[in-house]
Amino acid sequence: MPRQKHPARQHSSRRKPRKASPLRPTNPAIQTRSLREQVYDFLRDEMSKGGLQPGAFLDLNEIADRLGVSRTPLREALLNLESQGFVTVLPRRGFQLNELALDDIRHFYEIIGALEAAALRSVGYTLAPDDFARMRVLDDQMKQAVAARDFDRYYQANLAFHDSYLSRSDNKRLVAQVHLLKRRLYDWPRRQSMLQAWEEHSVVEHEEFLSLLERGLIDAAADHLQHVHWSFTVQERYIRTYYFAGREAQQQSQHAAPDQ
């Protein structure tokens with residue numbers, strides 16, 4: 001007896017849609033980036049915008065659910081942030097976002113000043129009139145940003161000004177460390193306002209520094225970087241106001257006795 005053929009199974013054309021991960025890249029050019037790198041970028045962006053505040057403990061389950069990822073890439077990203085000094089792992093308490101203390105800022109200034117001065121001494125002779133002209137344009141952009149009280153514009157122009165010579169260095173570890181410490185200082189979180197007197201003073205320092213470079217006085221320019229522009233002692237009055245005046249006022253208001 002011939003075998004009876006079974007009718008072909010009919011498959012429904014309707015499939016249950018899958019929930020897309022918010023971290024899945026849509027641009028083919030960045031699909032090679034690991035999930036850990038994408039989570040890291042998300043956390044840094046949240047830190048910059050103030051979505052994650054210094055001193056807070058992180059709820060890993062909440063963040064993982066929010067991103068639609070497991071805790072593994074999240075923990076890997078946080079361990080990377082820990083190695084960069086943004087996060088501390090506390091036993092039985094979890095991950096805490098670090099606050100900047102005055103000593104932290106002093107140490108960062110000492111390191112940045114020494115590294116930038118060393119880089120300039122090694123590459124300053126390669127700078128040409130075109131470089132100086134570009135640095136003057138950037139310095140002028142900083143002036144305009146200060147007048148407009150536009151911190152983002154000032155910050156980007158300031159980074160580009162210093163990168164005019166840092167980018168010439170073949171010591172990539174030095175440059176990476178300088179960039180990392182600047183993010184710790186200015187991008188955690190990114191401030192929406194500026195201390196105008198400090199930024200105006202900084203622009204003047206840039207002009208003095210650039211004048212030394214244009215005259216070929218590389219060692220003097222490097223000394224200016226280290227012992228003036230990145231001197232904690234020279235900048236301390238501005239640092240205390242910029243970083244701690246608001247925090248101290250808030251603490252005082254919290255501890256103020258209620259009116260009787």
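Leaving aside neighbours within four places in sequence, V178 is in contact with I112, L115, E116 and L166, where contact means heavy atoms within 4.5 Å. V178 is found in helix α7, and helices here are DSSP runs of H or I with at least four residues, strands being runs of E with at least two, both numbered from the N terminus. With a relative accessible area of 0%, V178 is buried; buried means under 20% relative accessible area, exposed over 50%, and partly exposed in between, with a 1.4 Å probe and protein chains only. Between the C-alpha atoms of V178 and A114 the distance is 9.9 Å, although 64 residues separate the two in sequence.

The model is a predicted one, in which local features need pLDDT of at least 70 and side-chain atom pairs count only at pLDDT 80 or more, while totals for chains, interfaces and linings use all residues. Residues are numbered from 1 along each chain as its sequence is written, and side-chain values use heavy atoms, with hydrogens and water left out.

Seen as a whole, the chain contains ten helices and two strands, and along the sequence these follow the pattern α-α-α-β-β-α-α-α-α-α-α-α. Of its 260 residues, 40% count as buried. Among contacts between residues at least 6 apart in sequence, 73% join residues at least 24 apart.

Strand β1, residues 87-90, pairs with strand β2, residues 94-97, in the antiparallel sense over four bridges; two strands are taken to pair if DSSP finds at least two bridges between them. Within this pairing, T88 has Q96 of β2 as its bridge partner, and V87 stands opposite L97 in β2. The hairpin has three residues between its strands, and R92 lies in that loop between β1 and β2. Phi of R92 is near 65°, a positive value in a residue other than glycine, and at 85% relative accessibility R92 counts as exposed. Another residue other than glycine with a positive phi is R149, where the value is near 55°. R149 lies in the loop between α5 and α6 and, at 45% relative accessibility, counts as partly exposed.

A nonpolar core is a set of buried Ala, Val, Leu, Ile, Met, Phe, Trp, Tyr and Cys residues joined through side-chain atoms within 4.5 Å. The largest such core has 48 residues, and those with the most contacts inside it are L120, L213 and Y243. The elements that give two or more residues to this core are α4 (102-123), α5 (129-148), α6, α7, α8, α9 (218-229) and α10. Not counting residues up to four places away in sequence, L120 touches L127, Y165, F209, L213, I218, A221, A222 and L225. Apart from this core lies another, of 22 residues, among them L67, A77, L97 and W188; L97 is also the residue of β2 that V87 stands opposite.

The loop between α9 and α10 holds S231, which at 11% relative accessibility counts as buried. Not counting residues up to four places away in sequence, S231 touches Y109 and Q226.

Rolling a probe the size of a water molecule over the atoms shows where empty space is left. On a 1 Å grid over the protein atoms alone, a cavity is a set of points where a 1.4 Å probe fits but cannot get out, and its lining residues have an atom within 4 Å of a point. The structure holds one cavity of 30 Å³ or more, and about 240 Å³ of space lies in the largest cavity, the volume being the space filled by probe spheres set on grid points joined across faces, edges and corners. This largest cavity is lined by 17 residues, of which Y154, N158, Y186, E199 and S202 lie nearest its centre. Two or more lining residues come from each of α6 (151-166), α7 (172-186), α8 (196-214) and α10 (232-255), and α6 gives the most, with six residues. The lining divides into nine nonpolar, five polar and three charged residues, where Ala, Val, Leu, Ile, Met, Phe, Trp, Tyr, Cys and Pro count as nonpolar, Asp, Glu, Lys and Arg as charged, and the others, Gly among them, as polar.

Key. 1 Å grid on protein atoms, 1.4 Å probe; cavity = no way out; pocket = protein on both sides within 12 Å on 5 of 7 lines; lining within 4 Å.
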